[in-house]
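Work through the exercises below with the sequence and the model at hand. Each task is followed by a solution in steps.

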Amino acid sequence: MRTNLRSLLILAAVLALPAPFARGQSPVPSAQDSALHALNRLAYGPRPGDVERVARAGVMHWIDLQLAPERIADDGVAARERSYKILDYDPAELAADFAEAVRQRREMRRELIESGDTGRGRSRKGAGAPMQEFRKLGGELQALAVMRAVMSERQLYEVMVDFWTNHFNVFVGKGADRFLTPTYIERTIRPHALGRFEDLLVATAQSPAMLFYLDNVQSVAPGSVPPFARFAGQSGGRRLGTGINENYARELLELHTLGVDGGYTQDDVINVARIFTGWGMALPRRGAAFAFHDWAHDRGVKQVLGVKYSGGGMDEGIRLLKALARNPATIHNVSRKLCARFVADDPPDGCVDAAAAAWARSNGDIRAVLRAIFTSPDFWAPSAFQAKVKTPLEFVVSAVRAAGGEPDETPRLAQVVARLGQPLYLQTAPTGYAETEAHWVNSGALLARMNAAVALAAGRLPGVRVDLDGVVPATADRDALVDGVNARVLGGAMSGRTRTVIREQLADVGNPATARALAVGLALGGPEFQRQ
Amino acid sequence: MTISRRVFVTSGGLALFSLGFDPLFLSRAAYAAGRSALGPSDRPVLVCLFQRGAVDGLNMIVPHGDALYYDERPRIAIPRADVVDLDGHFGLHPSLATLKPLWDNGSLAAIHAVGSPDATRSHFDAQDYMESGTPGVKSTSDGWLNRYCRHDQEHADTPFRAVAFGPQLPRILAGTAPALAIDDLQAFGLKMPREAARDRLTRAFEALYEGSATGLLASSSQEGFEALQALKRADPTQYTSANGAEYPPGRLGRSMLQIAQLIKSDLGLQIAFADVGGWDTHVNQGSSEGQLAARLRELAGSLAAFSRDLGERMRHVVVLTMSEFGRTIRENGNSGTDHGHATAMLVLGGPVNGGKVLGRWPGLDPAQRFEGRDVAVTTDFRTLFSEILSRHLGAPDLGSVFPGFTPDPTRFVGAIRV
């Protein structure tokens with residue numbers, strides 16, 4: 001019985017291998033397969049010709065370079081970034097504009113109520129007009145993220161920006177986060193994405209975007225009174241609290257650091273919340289910068305995970321964050337999450353241990369942790385190749401890259417990502433988006449991906465310019481076409497079966513350009529391209 | 001040349017079997033190939049609505065007869081004058097007033113003080129437990145509705161047996177039994193201007209996935225193609241809402257309309273799932289009006305429209321609302337409520353033993369509270385779910401649906417008429 005089960009499992013494992021291994025060739029990955037694997041995981045997939053380039057230069061050399069993005073020129077992205085107004089805004093001005101929009105909306109609502117106009121749809125729409133600008137801002141923010149993911153030469157850096165943005169999730173649709181999120185991405189996440197975890201953690205804890213999102217701006221020591229009457233009543237467009245709010249404290253422990261099994265108690269959560277009382281922000285019309293409100297801070301003695309915090313002040317929070325960043329539970333929790341992103345949904349212990357050891361050795365240097373993952377045997381194990389299903393963002397970005405496409409200036413391509421299930425910055429739950437196959441693969445989502453692939457190849461996908469001439473020449477030679485699609489679009493990952501099916505579909509298509517669009521659409525919508 | 005469907009189904013099933021997949025999939029596939037996908041119109045249907053974010057059960061089903069309720073919530077309690085009284089002690093939030101006729105005709109009941117035996121106040125964990133059906137156990141990989149589907153094969157003859165409305169399949173339906181996620185019935189399928197081109201493209205992708213997909217990609221794509229064929233035949237969107245039912249605008253209303261369309265098109269729907277967010281009312285949750293009131297109005301409007309639309313067919317339908325936990329009895333410093341413990345759930349439909357607030361009410365007395373602050377759980381959510389599965393759907397084997405839990409019929413709250 002046991003032997004039967006085991007042989008069945010071995011058979012299953014063999015059948016599940018990516019094509020080159022399943023065909024009974026040598027189990028040692030070729031330079032091409034290794035290059036494709038690295039490009040799939042450290043980057044948003046290869047552009048036409050990338051696999052050959054990386055294989056020729058040496059995959060470890062390419063990985064080293066990706067770990068040092070400051071040495072990679074990225075002029076194309078720099079040129080494109082100039083068209084994003086969002087990067088020119090002064091955060092304080094943006095905050096003041098938001099305060100003005102809130103004021104106008106309140107005014108308009110009052111007028112509508114006074115005029116007796118209670119028509120629900122109309123009054124809603126009318127009163128929403130001042131906020132229109134900020135909704136557009138959210139769209140531009142999404143578009144910028146997708147443009148960078150498609151076009152940046154610093155691919156690993158962009159992948160890590162996405163990873164940390166998701167790990168330290170905020171929701172751009174919540175009140176002040178409409179204008180705080182751009183600053184959060186540009187000044188909190190991006191500068192630390194390949195830095196030290198501790199610095200990133202402290203930066204997020206001091207970001208108005210996070211403090212507002214998880215209600216810490218509302219959290220004050222019971223009985224505390226603001227020093228000036230003009231501060232009473234308003235903070236970030238919402239009323240000040242009269243007691244502690246546990247939201248940030250809980251997610252800090254559960255999601256950002258220790259993990260849900262990290263060994264903390266409800267008392268720890270309450271004490272963490274007490275430590276962070278006073279961590280808030282200035283009023284929007286005063287710039288909405290991070291501010292520590294001494295008057296709101298609980299000066300009593302607290303105990304978290306057995307450590308006493310006394311004396312009060314902002315320093316308590318900093319000490320706590322540093323302790324959390326070095327806690328073995330945090331190291332394991334975040335290392336495992338990184339391995340789930342880069343190696344497998346359920347990562348082997350080996351790479352998690354290697355990452356955690358590098359973390360401990362380097363005091364949380366994210367580059368050192370990543371290097372440990374990329375050099376661990378688990379990362380290069382044949383079972384890791386093509387083992388992960390792409391998220392909607394990864395699918396759309398990798399498809400555009402594979403088709404040699406370039407996003408236009410509109411948020412329409414980001415809206416495609418949203419329609420496939422992953423609207424950027426709009427995940428309301430602090431967990432961020434899931435990384436696991438079971439979360440993303442279902443029949444409806446697959447059909448939507450097939451539709452997007454066909455539209456992309458036909459040049460009909462909104463928000464992207466595609467020029468297939470630069471990818472595969474349109475030719476009447478069907479075999480040459482399919483070879484070209486395999487090498488240039490799928491990075492050589494096409495199975496024999498897929499090749500046969502695509503070849504059959506092309507048989508009676510006369511127009512070479514139509515045949516090419518069909519072949520590319522089937523390849524991008526087919527099963528191989530859903531994996532990485 | 002294209003592969004015939006029969007070959008696709010058979011070889012797809014075999015490939016999955018050799019990959020160690022549940023052999024039930026094979027039998028189901030073979031069954032589907034040999035039979036019409038139409039199910040009987042009197043098949044019992046369960047519609048689950050997940051209120052994500054932890055609904056404040058105390059302001060939904062209001063214990064207006066309890067003075068402590070008003071003491072603890074000076075700013076957000078529902079004034080007695082606004083409560084739609086049900087039994088002298090409990091009443092509906094005024095936004096739920098549209099549901100009162102359903103209460104009066106005996107097709108709507110509420111269960112109070114229901115929740116998880118696990119103490120977590122994390123949305124993430126508590127939702128996970130409510131969907132996996134194994135509170136306290138994180139390693140469970142599938143959801144309880146999926147396990148039910150796997151162990152009750154009687155209705156497994158259609159790809160529409162279990163459908164979730166939304167872009168992703170929720171945890172509650174994740175697992176090896178086939179289940180569909182549909183974001184929009186109208187847009188479900190491959191988009192091509194001409195039908196011939198659409199059919200051809202569909203066949204091409206079907207052949208691609210049949211040949212090269214593994215694991216979840218293989219089973220999900222096969223479910224998708226089967227569903228496309230059945231949908232094309234039945235065309236559920238031909239059913240507009242009946243009896244003057246008007247669904248509220250928004251995602252929930254649209255989901256409920258489409259669930260009704262699927263039921264009417266007799267595609268064999270047995271389990272439907274939809275979710276609705278916005279219940280995490282930490283700040284300014286409001287009282288008779290405000291944030292929570294607006295969410296409840298949308299919920300009530302959707303339920304009332306659904307019930308009216310289905311009319312006579314509600315005889316075989318049960319709608320169950322659920323939420324991961326309740327909220328603190330005492331309002332917080334921000335005129336809101338924080339994460340609590342027990343909450344209230346609603347059951348609606350012909351088989352429901354309605355017009356009652358069910359479950360044992362522990363009261364709001366501090367001595368009776370969970371951890372001194374929250375409504376205590378007197379009904380384990382698995383007990384309620386078990387009752388509905390066994391008495392409404394006729395589930396034969398609940399042990400495998402809720403592993404590690406033995407439902408005790410003497411503890412059933414009596415949500416379903418027997």
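**Exercise 1.** State how much area is buried between chain A and chain B, and what share of it carbon and sulfur atoms give.

Solution. In this predicted model, the area buried between the two chains is about 4,600 Å². Carbon and sulfur atoms account for 57% of that area. Counted by residues, 58 of chain A are in contact with 50 of chain B.

**Exercise 2.** Find the salt bridges and polar contacts across the interface of chain A and chain B, then say which helices of chain A supply residues to it.

Solution. Start with the charged pairs: the rule finds three salt bridges across the interface. Glu210(B) forms a salt bridge with Arg497(A), with the closest N and O atoms 3.8 Å apart; this falls under the cut-off of within 4 Å. Next, 13 residue pairs are in polar contact across the interface. Then take the side of chain A that touches chain B: the helices that each supply at least two of its residues include H1 (2-16), H14 (247-256) and H26 (496-506) of chain A. The largest share, eight residues, comes from H24(A). By class, this side has 23 nonpolar, 21 polar and 14 charged residues.

**Exercise 3.** Give the strand order of the open three-stranded sheet in chain B and explain why S2 and S3 stand at the edges.

Solution. The order is S2-S4-S3, with antiparallel pairing. S2 (61-62) and S3 (84-85) of chain B each have a single partner strand, so one side of each lacks a neighbour in the sheet. Two bridges join S2(B) to S4 (residues 91-92) of chain B. Within this antiparallel pair, Ile61(B) has Leu92(B) as its bridge partner.

Methods. Residues numbered from 1 in each chain as written. Chains lettered and ligands numbered in written order. Predicted model: local features only at pLDDT ≥ 70, side-chain atom pairs only at ≥ 80, totals over all residues. Heavy atoms only, no water. Pairing = 2+ DSSP bridges. Helix = DSSP H or I, 4+ residues; strand = E, 2+ residues; numbered from the N terminus. Contact = heavy atoms within 4.5 Å. Buried area = accessible area lost by both parts, 1.4 Å probe. Salt bridge = Lys/Arg side-chain N within 4 Å of Asp/Glu carboxyl O. Polar contact = N/O pair within 3.5 Å; in protein donor to acceptor, adjacent residues only side chain to side chain. Nonpolar A, V, L, I, M, F, W, Y, C, P; charged D, E, K, R; others polar.
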